[in-house]
Amino acid sequence: MPAQPFEIRALRPSSDYGAVFEPILTASPDRPFVVAQLGQSLDGRIATPTGASRWINGSAALDHLHRLRAHVDAVVVGAGTVLADDPMLTVRRVPGRHPARVVIDPNGRVSCEARCLADDGVQTIVVTSDARRGPRHVDMLAIESRDGWLDPVAIAHELHDRGLRKILVEGGATTISHFIDAGVVDRVHLLVAPIILGSGTMGLSLSPIAGLDEALRPQTRLHQLDDGEALFDCDLRQQRRG
Ligand SMILES: NC(=O)c1ccc[n+]([C@@H]2O[C@H](COP(=O)([O-])OP(=O)(O)OC[C@H]3O[C@@H](n4cnc5c(N)ncnc54)[C@H](OP(=O)(O)O)[C@@H]3O)[C@@H](O)[C@H]2O)c1
């Protein structure tokens, strides 16, 4: 009899999946707690060369993203993500409260028509590099620019001062990479879909390191989602020895 092909869809989600939310639920209120999420292919890409990125990850990863949103006070995205995807940043796929929406838009590239800037009663913040004015319902947060970049540590602390203590940095890769480089990210949820793109936009891109001894080696737990995707829950505050 021929061997049965490996059916990855038959695998069950890890029984301790719920544990991935514990660090968020139990985070100290005294400082910002930052979790970043990134969905990518097996070869570490988040979009094709033409920018197509929807459905690299499947519905289980999308459910997970909405659960993450439901567990935080604020969700942060870069201008590139708003221009590419026009996300709503709401909690729709699971029960929960919509988090505040924070868009980092130093150059005013995001239109007032963007869905995440809607006047719908959800707190909305645009992080800029100057004292630009925005729509009346949008809170403009000016952060000093250095070499064209706004310090993620300052952004996280300003949000914390506004009562937004648990922060999800949802994307894209540029925004998440700067937050990790700044040392402000506590955990990364990396969702890896069983798909190989072979070309296109890479995910994380951090400051170059000279040797493997400088690599980040977070304590990591692996969870199998129910459509064959893998969730790597990485604790950047607990490094493994190289
Ligand atoms: N796979 C996933 O999980 C996921 C999640 C979200 C998005 N995406 C995809 O990612 C792509 C967009 O990602 P991206 O990396 O190109 O863009 P991005 O990270 O969404 O946005 C980057 C831009 O945001 C602004 N920005 C962010 N952080 C900043 C900081 N600390 N200081 C100053 N400016 C800052 C800058 O705007 P300026 O350019 O105006 O200076 C920067 O170029 C899209 O294709 C989207 O579909 C994927």
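## A salt bridge between R93 and D63

R93 is partly exposed, at 38% relative accessibility. In this predicted model, R93 forms a salt bridge with D63, and their closest N and O atoms are 2.7 Å apart. R93 sits in the loop between α3 (79-85) and β4 (100-104), while D63 belongs to helix α2 (residues 59-71), so the pair ties together parts that are 30 residues apart in sequence. D63 is also partly exposed, with a relative accessible area of 21%.

## Other salt bridges

The count of salt bridges comes to 14. One of them joins the side chains of R31 and D186, at 2.8 Å from N to O. R31 lies in the loop between α1 (22-25) and β1 (33-41), and D186 in the loop between α5 and β10 (187-193), so this pair ties together parts 155 residues apart in sequence. R31 is partly exposed at 38%, whereas D186 is buried at 2%.

The side chains of R97 and D73 also meet in a salt bridge, at 3.6 Å from N to O. R97 counts as exposed, at 52% relative accessibility, and D73 as buried, at 18%. Salt bridges with shared partners join R31, D186 and R237 into one network.

## Nonpolar cores

The largest nonpolar core has 31 residues, and V127, L159, F179 and V185 have the most contacts inside it. Helix α5 (residues 173-181) gives the most to this core, with four residues. A second, separate core has 28 residues, including A27 and V35.

## H160

H160 lies in helix α4 (residues 152-161) and is buried, with a relative accessible area of 14%. The H160 side chain reaches the backbone oxygen of P29 at 2.8 Å.

Definitions and conventions: Residues are numbered from 1 along each chain as its sequence is written. This is a predicted model: local features need pLDDT of at least 70, side-chain atom pairs count only at pLDDT 80 or more; totals for chains, interfaces and linings use all residues. Side-chain values use heavy atoms; hydrogens and water are left out. Helices (H or I, at least four residues) and strands (E, at least two) are DSSP runs, numbered from the N terminus. Buried means under 20% relative accessible area, exposed over 50%, partly exposed in between (1.4 Å probe, protein chains only). A polar contact is a pair of N or O atoms within 3.5 Å; within protein, one must be able to donate a hydrogen and the other to accept it, and residues adjacent in sequence count only if both atoms are side-chain atoms. A nonpolar core is a set of buried Ala, Val, Leu, Ile, Met, Phe, Trp, Tyr and Cys residues joined through side-chain atoms within 4.5 Å. A salt bridge is a side-chain nitrogen of Lys or Arg within 4 Å of a carboxyl oxygen of Asp or Glu.
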